[in-house]
Amino acid sequence: MPELLLELFSEEIPARLQRRAADDLKKLVTNALVDAGLVYEGAKAFVTPRRLALTVTGLPARSPDTREEKKGPKVGAPQQAIDGFLRGAGLASIDAAKIESDPKKGDFYVATIEKPGADAVTLLSTILPKVLVDFPWAKSMRWGSGSFNWVRPLRAITATFGAENEEPVVIPFDSNELTSGQTTFGHRFLAPEPIRVRRFDDYVTALERAKVVLDIDRRKDIIKTDAEHLAFAQGLTIIADEGLLEEVAGLVEWPVVMMGNFDPDFLKLPEEVIIATIRANQKCFCLRDSSGKLAPNFIITANTEASDGGAVITAGNERVIRARLSDAMFFYEGDLALQLEHGLEKLKDAVFHAKLGSQFARIERLVKLAGEIAPLVGADPEIAKRAALLAKADLTTGMVGEFPELQGLMGRYYAAAQGEPADIATALEMHYKPLGPTDAVPTEPTSIAVALADKLDLLTGFWAIDEKPTGSRDPFALRRAALGVIRIITENGLKFPLKVEPDLLAFFHDRLKVTLRDAGARHDLVDAVIAADSDDMLQITQRADALSTLLSSGDGQNLLAGYKRAANILAAEEKKDGTSYPGTVDQAALILPEETALAFAVDAVHTGVTSHVAKDDYKGAMAELASLRAPVDAFFTAVMVNDDDAAVRANRLNLLARLRDTMHLVADFSKVAG
């Protein structure tokens, strides 16, 4: 069957946009093909800095003929309804419709709509220019005199269609003064001549000869493998950086890996500064020696094969990196010459938020809040206050001004250098964490106190001014802050009730549900252990885990079935009687041994569960509940709840209410599915 080859050749596409663009191209074209009746077998998109490409295989030569029946209004319907039906069906007269009968609805019109298939090339010549016009670039530009937008100036369009053993045809269309053809170009410097291509296989081969590796993942593998081999030969290892690898693969069409060096004296800088400098300015990878220390070397990925083996390229990168590291050393030494407190005065003029005051006002709130939190997490209040006071001081340093991503980390280095206690220095870095779901959480008490203060102040502040996340919009990263609070509490096993307003507490509940569900917890079990006023995130997590353990056992499943039977009986009788049963059981009114056994078992379990819950031992509480399985099963086997004697009936309903209330001490089992 025929295949489609499409290439959109342009000036350099920003690396950060490339992979998404390839996915978008595939989605737009294949969706349009299916809508047009051209069902395909496979599709794959590719991207390099100068081209987007797509191959679609197994396409039919034309779309199939279609025939469908469109039901219309009743015979005798108003003319307006009939006219609308005719327009929708494409009929000139109602006489072209047939009449069918329905025993219940009577006679109605039916139109038979037949659409002949169309030639695939004709359809594609309409589809492809529309794809270009509708392409969802995050940023685009115009050039020349046209109105067409593309990420960078578009230079050529290749669009061919044909079967494997046939000469393909060019899909004819125009876009922004460009006419589709079958000519592409190789590497900008190594093979810039035009290349005539027919279909995907010879297209890939021709590009390879012209020093272009089409597949971005293959370019990543080449860079990674060659870099590892080059490092290994020097007794070094690459510092893994997936984001940088993706970016570099998007900067080159023909990757050539080289190694450069820098002056070992620069190793006096914090290694994070060196890595950030080399990464940000030259897109190079850093290395470690056999002892794990940062090595005075780096890996360059060039986009050309140099006749001198890369000596000039390497020397050029070394000059730039030397200059950048010299700047970093200047900032570092200048920052070290001043105490961290020196920057606090500047923060009085730095606006945190128009409605929440300056950065310094925020620091004052953090100091107060960290002091209050400290005793609850085992930290010294005065030490926590000192850490909170210095937490944002590095924002005014030269190094953080140059590399904002190093905030907190540089605070730790500077605090340690000026003699601050280790736990304060650590807190300056760790109070920002966790920055994401895989990031580490602070574990030292002082760090925990300041980190919680930082995130809770952020959340309560923005809640107070009604700046809450909406949909996908969360400009102040409040969802991340809430997840950070939850992770700090739960992963450190902290008993730390969140005393916040109900609306914010509900937000924490939503974030906790996401966390637990991502960890594999059933949604119904999570709902069962969260009440509107549940303010202890650790307790909720422990309850959910204990409930999951209980219900994974046979005793738990049978007990749940007994609970639901009891709850259903109670609900039906309370509705019928218009009354409720408080769970007060009259021991003297118990007749059968099975109801007596259940009453004594429930009383004992109620006492045990209450004791376990008071100690936050939810697994123990669930184990107590599991012991009710046998007496509950026996009760429903031998006892008729709705006895003719009203007193006996009421006592048995109270017994079921006592069972229900005892189970609710741990979770709301009515929300559990099954």
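Reply: Start with one residue pair. Thr-237 has Arg-288 of β15 as its bridge partner. The model is a predicted one. Strands β13 and β15 (residues 285-288) run antiparallel to each other, paired over 2 bridges. Strands in a sheet are held together by backbone hydrogen bonds, in either a parallel or an antiparallel arrangement.

Now widen the view. The open sheet has 4 strands, in the order β13-β15-β16-β14, and the pairing is antiparallel. At its edges are β13 (237-238) and β14 (256-261), each of which pairs on one side only.

A helix covers this sheet. Helix α5 lies across β13, β14, β15 and β16 (294-302). Against β14, α5 runs at about 40°.

Next come the charges around α5. Opposite charges on side chains can pair when the charged atoms come close. Glu-242 and Lys-220 form a salt bridge, with their closest N and O atoms 2.5 Å apart. This pair links distant parts of the chain: Glu-242 belongs to helix α6 (residues 242-249), Lys-220 to helix α5 (residues 216-233), and 22 residues separate them. Is Lys-220 buried or exposed? Lys-220 counts as buried, because its relative accessibility is 10% and the cut-off for buried is under 20%. The pair is also part of a wider group. A network of salt bridges links Arg-19, Asp-217, Lys-220, Glu-242 and Glu-246. In total, the structure holds 54 salt bridges.

Two other salt bridges are worth a look. Lys-130 bridges to Asp-134, and the closest N and O atoms are 2.6 Å apart. Both residues lie in helix α3 (residues 120-134), 4 residues apart, or about one turn of the helix. An α-helix has 3.6 residues a turn, so residues three or four places apart point the same way. Lys-130 is exposed, at 52% relative accessible area. Asp-134 is partly exposed, at 39%.

Lys-495 forms a salt bridge with Asp-536, with 2.9 Å between the closest N and O atoms. Lys-495 is in the loop between α16 and α17, and Asp-536 is in the loop between α18 and α19, so the pair ties together parts 41 residues apart in sequence. Lys-495 counts as partly exposed, at 44% relative accessibility. Asp-536 is buried, at 4% relative accessible area.

That brings us to α17 itself. Helix α17 (residues 502-518) has 17 residues. From first C-alpha to last, α17 reaches 24 Å, close to the 24 Å expected at 1.5 Å a residue. The buried residues of α17 are Leu-504, Leu-505, Phe-507, Phe-508, His-509, Arg-511, Leu-512, Lys-513 and Leu-516. Their cover includes α15 (445-464), α16 (478-491), α18 (523-529) and α19 (537-551). Just after α17, Gly-520 takes a positive phi of about 105°.

Gln-359 is found in α10 (residues 359-373). Gln-359 is buried, with a relative accessible area of 15%. Neighbours within four places in sequence aside, Gln-359 is in contact with Leu-347, Ala-350, Val-351, Phe-352 and Leu-395.

Technical notes: Residues numbered from 1 in each chain as written. Predicted model: local features only at pLDDT ≥ 70, side-chain atom pairs only at ≥ 80, totals over all residues. Heavy atoms only, no water. Expected span 1.5 Å × (residues − 1). Buried < 20%, exposed > 50% of the residue type's maximum accessible area, 1.4 Å probe, protein only. Contact = heavy atoms within 4.5 Å. Salt bridge = Lys/Arg side-chain N within 4 Å of Asp/Glu carboxyl O. Pairing = 2+ DSSP bridges. Axes fitted to C-alpha atoms, helices over the stretch in contact; angles between N-to-C directions.
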